[in-house]
Amino acid sequence: MAVEFIGIDPDTDRDHCPTVWVDAEAQEILLQGWKPTTETQAQCEANSPANGSVPDNEAIVRLPARMIPMIREACDAVERARLR
């Protein structure tokens with residue numbers, strides 16, 4: 001897996017660093033973000049068409065809206081890799 005760094009939260013304090021990476025080969029976007037509160041997770045699960053809670057091998061993460069350009073860049077990188 002060749003992971004490419006895309007960007008880090010521009011307002012980071014370098015200790016709490018929402019980050020975006022791309023694995024072009026696997027055509028996946030990897031996100032590091034803040035864990036939701038128990039209440040927020042419950043709201044997400046209640047509003048999901050999926051049955052039940054988030055499985056142990058999955059996670060809900062929070063990312064600041066200021067990272068949208070990086071997420072778009074990651075989407076573009078995965079899309080370009082798919083077209084090769």
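User: Where does Val61 lie in this model?

Analyst: In this predicted model, Val61 sits in the loop linking helix 1 (38-46) and helix 2 (68-83).

User: Why is Val61 called partly exposed?

Analyst: Its relative accessibility is 35%. Buried would need under 20% and exposed over 50%, so Val61 lands in between and counts as partly exposed.

User: What makes Ile29, Leu31 and Val61 a nonpolar patch?

Analyst: A patch residue needs over 30% relative accessible area, and nonpolar side chains are joined within 5 Å. Val61 clears that cut-off at 35%, and Ile29 does at 33%. Together with Leu31 they form a nonpolar patch on the surface, with about 200 Å² of accessible area.

User: And Ile29, where is its place, and what does Ile29 touch?

Analyst: Ile29 belongs to strand 3 (residues 28-32). Setting aside residues up to four places away in sequence, Ile29 touches Val20, Trp21, Ala74, Cys75 and Val78. As for Ser53, 24 residues apart from Ile29 along the chain, the two C-alpha atoms are separated by 22 Å.

User: Which residues make up the largest nonpolar core?

Analyst: There are 8 residues in all: Ile6, Val20, Val22, Met67, Met70, Ala74, Ala77 and Val78. Strand 2 (19-23) and helix 2 are the elements that give two or more residues to this core, and helix 2 gives the most, with 4 residues.

User: What is Val20 in contact with, leaving aside its neighbours within four places in sequence?

Analyst: Quite a list: Glu4, Phe5, Ile6, Gly7, Ile29, Leu30, Leu31, Met67, Met70, Ile71 and Ala74.

How values were computed: Residues numbered from 1 in each chain as written. Predicted model: local features only at pLDDT ≥ 70, side-chain atom pairs only at ≥ 80, totals over all residues. Heavy atoms only, no water. Patch = residues over 30% accessible without salt bridge, like charges linked within 9 Å, V, L, I, M, F, W, Y side chains within 5 Å. Areas by Shrake-Rupley, 256 points an atom, 1.4 Å probe, with all protein chains shown as cover. Salt bridge = Lys/Arg side-chain N within 4 Å of Asp/Glu carboxyl O. Buried < 20%, exposed > 50% of the residue type's maximum accessible area, 1.4 Å probe, protein only. Contact = heavy atoms within 4.5 Å. Core = buried A, V, L, I, M, F, W, Y, C linked by side-chain atoms within 4.5 Å.
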